[in-house]
Amino acid sequence: MTYVKPTFRHPKLARNTIGFAKADYEGAISTLCAGCGHDSISGAIIQACYEMAIEPHKLAKISGIGCSSKTPTYFLGNSHGFNSVHGRMPSVATGANLANKDLIYLGVSGDGDTASIGLGQFGHVLRRNLNMVYVVMNNGCYGLTKGQDSATADVGSISKAGSNNPFEPIDLVGLALELGATFVARSFSGDKTQLVPLIKAAMSHPGFALLDVLSPCVTFNNNAGSTKSYTYIREHLSATATMDFVPEEQEITVDYAEGKSTSVVMHDGSLVQLHKLSPHWDPTNRRSAMERVQQAKQDGEVLTGLLYLDPDSQELHDTLDTVDEPLNTLREDILIPSSEALDSINEAFR
Amino acid sequence: MSSIPAVNDMVIRFANVNGTGSASANDLFAKAMFRMGLPVSPKNIFPSNIQGLPTWYEVRINERGYLGRRDGIDLLVGVNPQSYRKDIDSVRPGGYFVYDNTKRLHDEFIREDIHYIGIPMMRICMEHYQNPRHQQLFKNIVYVGALAALLDMEMEVIKDIVSQQFQKKEKLIPPNFQALELGYNYAQQHFDCPLDIRVERRDNTGDSILIDGNTATALGAIFGGATVAAWYPITPSTSVVKAFETYCKKLRVDPETGKKKYAIVQAEDELAAMGMVIGATWNGARAFTATSGPGVSLMSEFIGLAYFAEIPVVLVNVQRGGPSTGMPTRTQQSDILSSAYASHGDTKHPLLFPSTPAECFEMSATAFDLADRLQTPVIMMSDLDLGMNNHMSPPLAWDESRRYDLGKVLTAEDLEGMEKFGRYLDVDGDGICYRTVPGTHPTKGSFFTRGTSRDEYARYTEEGAVYERIVDRLVKKWNTAKDYVPLPELYQEGNQSAQGVLFFGTSTYSALEALDLLKERGISLDALRVKAFPFHSSIYQFIQDHEQIFVIEQNRDAQFRSLLINELEIPPHKLTSVLNYDGMPITADKIMQEISSHLPVAELVTTNNQGNSHDLR
């Protein structure tokens, strides 16, 4: 069955600076379970893209396999999307990005797709610092195959079927910090106020931006004893800071008490404003971020917010030193060597 | 002692230790023969090892231009005592064993029916070079010098090559010359030079080049417009991307900014390499990867995605001995079926079968056109012998007026004028649909690419009838492809015999030689070389028009024969296999023996088989 939304737009509908209504950033109607955290994340993506006035065709959404990876159908219907194979979204995103550096690449994955079958590709796309936003819709279980524990399920977390998970979880933000990620954040699908500016900042970051978003599975992992349920997460939330994202063209109008706020200027001149809740944490210091993440883990907190940002990030195209124009625009005149060049190649083999 | 005098017709084998610098000396020898106007066919027979194990290098010199491998070693240069036993055994009666007699050869190695030529290579080097590294390296040059005297090679030709090679390290030229002369003079003074096997200058190489298939493949990718290469190292394909990088640095760097008009990523594995190619071509760039059989196995899931979602892919499969890790440094044509039908579900993929470096170049460039035109993975089936060994080949040629066929890709203007875009709508009735590249138009032409079933408008569906419509259209596209892929080559006008011979890829060299040998004995057979899959109707016709077809291939299970039977519905009894799968390239003698055993003629006497088989363990 295919769900199609009406394309009619009320003429008085609010529009962003490039003339698109928020509805223009929506997609097909979701076929996920009612109350699924993933739908809230889709909503936050729509909101962020609308507010950032992103031209829909200048963004490509790429996913793997799983409930999370289905969501690109449900947002940004005017953007190209690619639902690839399980755990391999990073490689497809890498190729796409190599072909055209001018688009925004929004990767959508889940905890099975990233922390199990795709752990290898996750680690490698991260260490190459590919310029992309990598959203993990993290619910600690496999939804489509009916609720098996995933690799991010906490030790002792109890599944709907009543079994107790005996294995250590893979902490994606901790792993990302260790592997050298240049933008690491964690959020909660139920906290749109935090999630929208994080997505916006991630899209402005020139490099790999990880957004690990806890997103409860209402059907298979929202029971008592689960550490990825709405109730559990709400009770254990701890944010590093509240946050604003200020695009470069906007004037900064808010004042903060000295010592409580910090600003990070991003490559394109935009600004991330953080109103810190902990005075002993510096978002541009990897070691400080790793310590804060470890501390939260020890204290049983679900730490959210922007955890680390490298303002000097060099993305993959910088490393490869490719030309400014996208490679997919180069044609015969540029690509085919001269006949003299071929003659001298042949001569070298005589 | 028997003697088989020969001018410009011999096989010389070098038995070395891996990692001792012998490769460049051996190349020098082969190139010198080539520059004397003699067709040569050098082959590396190397272990999966960096240093220490035995390695061989074999050069066939044949003024008539036969370039396939030939059994029977006329002269063996043995500088590896580890393999003396096998090496000495492999020399044909009346042949020569050239060795380092700095240490006396043990009596057990003496055969009465071959000649021994001792050159004190190590002693000469110890006397003339101080540096231990030089003592080792120049030993190799000393034997090249000795061979120049023994075989009557032109010393000036050898010296020219050395001078060119060390253009940028000029101080290495005099000690190399010295080593050549030391070897040459020693041989002249101690032996009756030249031997009864020797060479003479000819003009039989024309404008040919001596190049390996992998380098030619890489150059084809450059001319074919590849801008993205993603790969994972694996023998024998590694040098494809290595050469791609080498030539991109020369040909694809912006002279003003120094920035690169290409991107190469060494992936974490073959799965990722294929994912990157798919991502790049989906996004409108030309991209490729190169691997070998194990890599194709790993890429299979992604190949199925590209087949079903209809995304262009160029994959170079430089085949090696399988199954599993198999014989990673030996050659085979044993990935025919696993490449043709790679991935789960109903899938099949166009294959290209180059047989010379010039064809590697041409087909590699053509693969990009085919992949874009057909929106599907195209696999070029090279092999270790073609990819890693130097071959005498026609020069690489490019038609200046040639333009890329990017296939059916819609522009913003196209989309502007369209009512409704359907990604999987067969507008032209050829089974090939129109695609769009991300970023083309703000509101038109976007669609969701997926490996799941979907309708003509790329909308997810599980309806059986829609699914059938889509996969049946893929068959229509497959039939369209039959007229796009390179046509087979026929070696005669019309049909002249009741039996035909069919072959492809690197079996070609020996197949053509075998046909000539048979002809000399009064047996003339029609021949056809397949260059691509899906099979063109003329291949079916050729098989129909003959009573019996010999299918020559280099694998155990007659995979190509199976493919013919399966795809063309040929009665199996009509196809007789000629197989070779010991990891060494097939020989003309083997083909001739096998074919003649099936023909109603008296036993053929061969003069071509001059020694023991190539048992190299």
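Colleague: Over how many bridges do strands E1(A) and E3(A) pair?

Modeller: This is a predicted model. E1(A), residues 59–63, and E3(A), residues 104–110, run in the parallel sense, and the number of bridges between them is five.

Colleague: What is the bridge partner of Ile62(A) in E2(A)?

Modeller: E1(A) and E2(A) run parallel and are joined by four bridges. In E2(A), the residue paired with Ile62(A) is Phe82(A).

Colleague: Are the residues of E1(A) buried or exposed?

Modeller: Leu59(A), Lys61(A) and Ser63(A) point one way from the strand, whereas Ala60(A) and Ile62(A) point the other way. A residue counts as buried if 20 or more other C-beta atoms lie within 10 Å of its own. On both sides of E1(A), the residues are buried.

Colleague: Which residue of E17(B) is the bridge partner of Gly81(A)?

Modeller: E2(A), residues 80–83, pairs with E17(B) in the parallel sense over three bridges. Within E17(B), the partner of Gly81(A) is Phe448(B).

Colleague: Which element gives the most residues to the side of chain B that touches chain A?

Modeller: In total, 58 residues of chain B are in contact with 48 residues of chain A. The elements of chain B that give two or more residues to this side include helix H7 (213–223), helix H9 (270–282), helix H10 (293–309) and strand E17 (448–450). With nine residues, the element that gives the most is H9(B).

Colleague: How many residues on that side of chain B are nonpolar?

Modeller: The side of chain B that touches chain A holds 14 polar and eleven charged residues. The nonpolar residues there number 33.

Colleague: Within what arc do the buried residues of H17(B) fall?

Modeller: In H17(B), residues 537–544, the buried residues are Ile539(B), Phe542(B) and Ile543(B). Seen down the helix axis, they line one face of H17(B), because they fall within an arc of 95°.

Colleague: Which helix do the buried residues of H17(B) pack against?

Modeller: On the other side of H17(B), Ser537(B), Ser538(B) and Gln544(B) are exposed. The buried residues pack against three strands of chain B, E19 (499–503), E20 (526–529) and E22 (548–553), and against residues 559–568, which form helix H18 of chain B.

How values were computed:
Residues numbered from 1 in each chain as written. Chains lettered and ligands numbered in written order. Predicted model: local features only at pLDDT ≥ 70, side-chain atom pairs only at ≥ 80, totals over all residues. Contact = placed C-beta atoms within 7 Å. Nonpolar A, V, L, I, M, F, W, Y, C, P; charged D, E, K, R; others polar. Pairing = 2+ DSSP bridges. Buried ≥ 20, exposed ≤ 12 C-beta atoms within 10 Å, placed from the backbone. Arc of directions from axis to C-beta.
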